[in-house]
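Subject: Structure handover

Hello,

Please find the structure below, followed by notes on what turned up in it.

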Amino acid sequence: NAKCSRKRCELPEDIPNGRFILVNGTEFVYGTTIKYICNKGYQMASFIDTRTCLAAGWNNHLPLCEEITCSPPVAKENIIVDGLPDNDDLLRYGHQLQFTCKSGFKLVGQKDVTCGENGVWNHPSPICEANKDCVAPPYVEFADITTLQKSHYSSGESVKYMCQNLYTLSGQSYKTCTHGMWSGLMKCLKPCIVNIEDMDARNIQQYYGKKRKMFTAHEDRIIFKCQYRRQPKSYPSEFNQLCNDGFMKLPSCQ
């Protein structure tokens with residue numbers, strides 16, 4: 001007696017960067033449906049990802065799995081992006097980028113983003129906004145802050161500095177918080193120190209008073225003369241010296 005059996009389809013193929021799973025049925029006979037899924041890091045290039053065993057065999061074409069990539073973030077002002085490839089390499093699934101802001105700006109949004117499924121970053125790119133507050137005022141060499149110090153300052157607030165003894169202020173005595181950055185040019189110019197040993201090595205002494213170690217502020221002058229029975233080696237004008245930010249040229253006698 002003739003016996004009928006269900007139509008059987010060929011063993012289905014796996015696809016590059018993907019595989020199939022059974023949706024129903026067990027022996028790939030008529031009516032069996034399989035579903036293709038892509039490996040991690042890949043996604044379907046078409047909308048149809050199933051095939052069904054019919055009288056003429058498997059319907060539909062084999063689907064394709066394409067690599068997941070994300071588009072580079074759009075360049076934004078005052079932001080620095082780390083993790084972008086140096087060449088034209090793709091930003092593949094799992095690739096991470098890190099964002100930081102230039103000085104004076106603060107990050108609004110997620111610092112780290114990852115290329116996720118469907119070629120979409122898991123967080124939108126952050127932005128950098130002008131930092132309106134300032135942290136502790138900056139250190140100025142040879143100066144002290146005379147106003148009450150705080151951990152944060154609002155834009156427009158100022159702090160006052162005073163140069164230490166014998167140091168001379170050049171520029172402003174205030175620094176002001178301006179949108180997160182301290183502004184105000186300031187420098188404390190150094191005094192000049194003239195030691196007895198330096199004068200003896202050149203056979204000179206100060207014109208007035210007894211020979212002693214001297215301190216003089218920036219732009220102050222010291223007049224020198226030769227020690228007893230010594231004759232000038234330097235030009236007369238060099239015996240009247242000006243202190244310039246810690247430097248003073250000393251004359252010589254023989």
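Asp49 and Lys35 form a salt bridge, with 2.7 Å between the closest N and O atoms. The term salt bridge is used here for a side-chain nitrogen of Lys or Arg within 4 Å of a carboxyl oxygen of Asp or Glu. This pair links distant parts of the chain, 14 residues apart: Asp49 is in the loop between strand S3 (42-44) and strand S4 (50-54), and Lys35 is in strand S2 (residues 33-38). Helices (H or I, at least four residues) and strands (E, at least two) are DSSP runs, numbered from the N terminus. Lys35 is partly exposed at 29% relative accessibility; the classes are buried (under 20% relative accessible area), exposed (over 50%) and partly exposed (in between), with a 1.4 Å probe and protein chains only.

Before the rest, the conventions. This is a predicted model, in which local features need pLDDT of at least 70 and side-chain atom pairs count only at pLDDT 80 or more, while totals for chains, interfaces and linings use all residues. Residues are numbered from 1 along each chain as its sequence is written, and side-chain values use heavy atoms, with hydrogens and water left out.

Salt bridges

The count by the above rule is eight salt bridges. One of them joins the side chains of Glu67 and Arg92, at 2.6 Å from N to O. Here too distant parts of the chain are linked: Glu67 belongs to strand S6 (residues 65-67) and Arg92 to strand S9 (residues 91-92), 25 residues apart. Glu67 is partly exposed, with a relative accessible area of 32%, and Arg92 is also partly exposed, at 37%.

Glu238 pairs with Lys249 in a salt bridge whose closest N and O atoms are 3.7 Å apart. Glu238 sits in the loop between S23 and S24, and Lys249 in the segment after S24, 11 residues apart. Glu238 counts as buried at 18% relative accessibility, whereas Lys249 is partly exposed at 44%.

Backbone

Two non-glycine residues to check are as follows. His179 has a positive phi of about 50°. His179 lies in the loop between strand S17 (174-178) and strand S18 (181-183) and is partly exposed, with a relative accessible area of 47%. Arg229, which is not a glycine either, has a positive phi of about 65°. Its place is the loop between strand S23 (221-226) and strand S24 (240-242), and Arg229 counts as exposed at 71% relative accessibility.

Regards
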